Amino acid sequence: MKAVLLIDFGSTYTKLTAVDLDSETILGTAQSFTTIQTDINDGLENGLALLREKIGDVSFAETYACSSAAGGLRMVTSGLVPELTGEAAKMASLGAGAKVVGIYAFQLTEDDLDDIRAAKPDIFLLVGGTDGGNTECILHNARMLATMNPEFPIVVAGNRSAARECERILQGHEVYVCPNVMPKFGVLQVEPTQKKIREIFLNRIIQAKGLSKAAALLSDIMMPTPAAVLAAMDLLAQGKGDEPGIGELVAVDVGGATTDVYSIADGMPEHMNTVFKGIPEPFAKRTVEGDIGMRYSIRGILEAAGVHRISQLSGLEEGRVEELVDYLATHTDVVPKEDPELEALDFALASMAIEEAVTRHAGAIEETYTMMGLTYVQTGKNLTKVKQIVVTGGSLIHTKRTAAIAKHALYSPASPASLRPKNADVWVDRTYILAAMGLLSAHYPETALRIMKKELEYHGNSEQENS
Amino acid sequence: MENREKKVLVIGVIGADVHAVGNKILYHAFTEAGFEVVNLGVMVSQEEYIAAAIESNADAIVVSSLYGQGELDCRGLREKCDEAGLKGIPLLVGGNIVIGKQTFEDVEKRFKAMGFDRAFAPGTAPETTIEALRELLHMDGEQA
């Protein structure tokens, strides 16, 4: 046996997964409260004790960890045009596993600086202009940032003509220059910036967040949890070496405060008569809906779906829905257990969370009549041909109706413009291993892939579910 | 900074117009003539020209319209450029920009009143437009 320990330091729980590399199995999982205020190792020790109760006194050959503790990786971005370099900066940050706490476009103002200070970012991403294009905006923004106390590292990834000057302007700050996130109009180049963000996270943020004591135990890499999940999904979709993946997929993680959506898919237009608008999106794309969550952001679901639909889906009176939502918003640790009312409500909320989050993540198509006949205009990714959906999150893994909830990720005739998957196999991450497998994939991709294929529970095809 | 030696053009076919062939010809002709070309393709909105021109710090915007609705589609583009900080950027338009019986002189006059620097009649060769660009961008004698 060669055992590996994978740790996910979450904001609330520290989750441990023990894997045997030889048999390619999960030995066991355990979780304990994250103890970021005192010593993060206390929580880890508690978790390890629990884990050892289950699997015995195993010694681990290697240990890897990811973290979203202490607010995760908080980033603020500034670009030039919101739909172009502004969007590219946002996509780069989300794909690196960040929580984007501020997005700016055009020139930063003094008021913006106050907001940025208050947002306390871990990293600032400064972009703007294609290569050889506009330099005025990024230079202005560099000068504005230079007036602030050096509190956070700044990654400069804009017009290469302005890169060195930005660096000079920001002397005294921790500055890293990366290739432009949008070197040419409509071309996205986010990987070098994402790599740099992860490096900074590793070297600097972990210390600042009191994770360094734990870092001493680790064999290697530490990454933001969402980056680990994205890596796992990329591997699951595309496969590695001789081990095939399951093909293009959409994954949804419905949490208490946010809902994360991942798509590993090309998503470009299917037909010749479809015109694509906007910047092309990354093959592995992540979005986060900060207003969609089962407890802390429960009102966001209600606002997006409307109390009427929640009432319809849950079978509860509208008044009762409002009452229970008020209760859950302040009692964030309540789980339905055997309470049929809460169970019905959580079913409706999770369904609507998935529907809203995937709709925002997916592209849209619009019909336009032109002199040449009917034409379609597509923005964002076309996910209609995606055949696999992976779901995770407490509300989905602790219910028997997972497939029925997951169905809401799919295309609906009621909103034909939304390019969501038409029909798909549903996979459930019931043992909560996605982040762990993302960590494992850095060194043992084939093993991580085979374990995922074994551990993810197949919940039928949505079409059978429909009929 | 290899690119900025070249003048940058933003080109595309405006409105609900899907004529793609002329757009590709122009892209190649302008590139061949030494311009850096940002090609937005077909069905381009006014906002898209402007956004692309801002990011790329474009020297001129060349609008094509082949389906006869050019006048409606182009209205307000100059004002929006002014608003977006692209003051004085040369705007050129060509194709089959209007339909109906009218002399091109009248059409040209109306497009100039709308803030376009040049309007080209149907059948204009790319060389004519390139010549006009050289003049507007003060590129006397030099390669684009």
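I started at G306(A), which follows helix α9(A) and has a positive phi, near 90°. Helices here are DSSP runs (H or I, at least four residues), strands are E runs of at least two, and both are numbered from the N terminus.

The model is predicted: local features need pLDDT of at least 70, side-chain atom pairs count only at pLDDT 80 or more, and totals for chains, interfaces and linings use all residues. Residues are numbered from 1 along each chain as its sequence is written, with chains lettered from A and ligands numbered from 1 in the order written.

**Helix α9(A)**

I looked up which residues of α9(A) (298-305) are buried. They are I298(A), I301(A) and A305(A); buried takes 20 or more other C-beta atoms within 10 Å of a residue's own, these atoms being placed from the backbone. I found α10, α11 and α12 of chain A among what covers them.

**α4(A) against α5(A)**

Next I took α4 (136-146) and α5 (160-169) of chain A, whose axes come within 9 Å and cross at roughly 15°. Axes are lines fitted to C-alpha atoms over the stretch in contact, and angles run from 0 to 180 degrees between N-to-C directions. The pair is therefore roughly parallel, a label for angles under 35 degrees. I noted I138(A), L139(A), A142(A), R143(A) and A146(A) meeting A162(A), E165(A), C166(A) and I169(A); contact needs backbone-placed C-beta atoms within 7 Å.

Note on methods. Angles under 35 degrees count as roughly parallel, over 145 as roughly antiparallel, 65 to 115 as roughly perpendicular and the rest as oblique. Two residues are in contact if their C-beta atoms, placed from the backbone, lie within 7 Å. A residue is buried if 20 or more other C-beta atoms lie within 10 Å of its own, exposed if 12 or fewer, and partly exposed in between; C-beta atoms are placed from the backbone.
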